[in-house]
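Dear colleague,

Please find below the structure that I am handing over to you. My findings follow directly after it.

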Amino acid sequence: KKMIKIKRNKVLFGIVGIILFLTLWEIVSVTKSDPAIVDIREIFKALIRILSDKGFYKNLFSTIKIVFLGVAMAVLTGILIGVLMDLFEPIKNLLNPLIEIFRNIPSITLFPILLVIYGIGDASRIFVIFWTAIPPIILSSEYGLRTVDVNIIEAGKTNGANKIQIMRKLKFPLAMPEILNGVRIAIGSGFIAIVVAEMLGASRGLGYMVMWATNAFKYDETYAYIIIIAVLGAIVNYAMNIIIKKYERKLQ
């Protein structure tokens with residue numbers, strides 16, 4: 001009962017927070033004469049128009065496809081690197097400095113160069129997602145594997161398991177919640193990166209539509225697209241949290 005009450009209070013406070021924000025926005029939009037501050041009712045009308053437009057779903061699919069491809073490549077590469085770093089100390093020592101340097105380079109700063117190399121197409125956008133997503137996956141994989149209970153590893157060794165068997169049957173499954181958390185962070189960061197990249201140089205996608213609406217002075221649609229992007233990010237984050245919790249319960 002106590003847990004149900006806590007959850008109910010969280011939901012209630014969340015709803016109150018949203019209502020307060022919308023109320024404040026409405027007050028500002030009424031008192032300010034700036035055309036960029038749009039009435040909430042106009043934003044929701046624009047939202048309905050956008051969701052009723054078939055063209056919107058082409059742009060939505062374009063962004064989701066790029067995020068999926070970029071994150072999938074980062075997951076495969078990042079987990080492999082994390083495993084190799086855990087298995088072989090020299091590889092870890094070799095790659096650690098490079099990872100620390102590269103992860104501090106924002107992917108969006110590379111986008112102008114990528115446009116020159118690949119042009120306005122999928123390749124440059126996929127690379128932006130890949131570059132953004134791979135550091136958290138490598139780091140979460142390496143950390144998850146490194147922090148597996150030593151007693152479990154020793155028990156595996158006692159039963160005659162070699163390094164590869166311990167990795168496959170013990171360490172990797174136990175590190176999976178941490179790895180999935182890295183994937184969750186990667187997807188969230190990827191969404192932000194792709195929207196910014198599409199705003200800077202793309203012919204389709206949600207970021208492109210945000211920029212198009214802004215340049216056309218259709219600020220109600222700009223805010224509507226921002227809401228859609230925010231909701232998408234929240235849904236993905238929520239779904240990943242459910243997957244992580246379910247996996248953690250399986251391990252208990």
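**Charges and salt bridges**

Lys and Arg count here as positive and Asp and Glu as negative, while His and the chain ends are not counted. Each charge is placed at NZ of Lys, CZ of Arg, CG of Asp or CD of Glu.

Please note that this is a predicted model, in which local features need pLDDT of at least 70 and side-chain atom pairs count only at pLDDT 80 or more, whereas totals for chains, interfaces and linings use all residues. Residues are numbered from 1 along each chain as its sequence is written, and side-chain values use heavy atoms, with hydrogens and water left out.

Side chains of opposite charge can pair when their charged atoms come close. A salt bridge is taken as a side-chain nitrogen of Lys or Arg within 4 Å of a carboxyl oxygen of Asp or Glu. By this rule the count comes to 10 salt bridges.

One of them joins K92 and E142, whose closest N and O atoms are 3.3 Å apart. Because K92 lies in helix α4 (residues 89-102) and E142 in helix α6 (residues 122-146), this pair ties together parts that are 50 residues apart in sequence. Both K92 and E142 are buried; the term means under 20% relative accessible area, with exposed meaning over 50% and partly exposed in between (1.4 Å probe, protein chains only).

E198 forms a further salt bridge with R125, with 2.6 Å between the closest N and O atoms. This pair also links distant parts of the chain, since E198 belongs to helix α8 (residues 163-200) and R125 to helix α6, 73 residues apart. E198 is buried at a relative accessible area of 1%, and R125 is buried at 2%. Elsewhere, salt bridges that share partners join R49, D220 and E221 into one network.

R103 and E100 form a salt bridge as well, their closest N and O atoms being 3.3 Å apart. R103 is partly exposed, with a relative accessible area of 40%, and E100 is partly exposed at 35%.

**Surface**

K10, K245, K246, R249 and K250 form a positive surface patch. Patches are made of residues with over 30% relative accessible area and no salt bridge, like charges being joined within 9 Å. Which helix gives the largest share of the positive patch? Helix α10 (residues 219-251) does, with four residues. K250 has its place in helix α10 and is exposed, with a relative accessible area of 70%.

In helix α8, I192 is likewise exposed, at 59% relative accessible area. The C-alpha atoms of I192 and S52 are separated by 24 Å, the two residues being 140 apart along the chain.

**Overall architecture**

The protein has 10 helices and zero strands. These elements are DSSP runs numbered from the N terminus, helices being H or I of at least four residues and strands E of at least two. Its C-alpha atoms fill a box of roughly 75 × 60 × 30 Å along the principal axes.

Of the 252 residues, 35% count as buried. The accessible surface comes to about 15300 Å², of which 69% belongs to carbon and sulfur atoms; the areas come from the Shrake-Rupley method with a 1.4 Å probe. Among contacts (heavy atoms within 4.5 Å) with a separation of 6 or more, 73% are between residues 24 or more positions apart.

With kind regards

Key. Patch = residues over 30% accessible without salt bridge, like charges linked within 9 Å, V, L, I, M, F, W, Y side chains within 5 Å.
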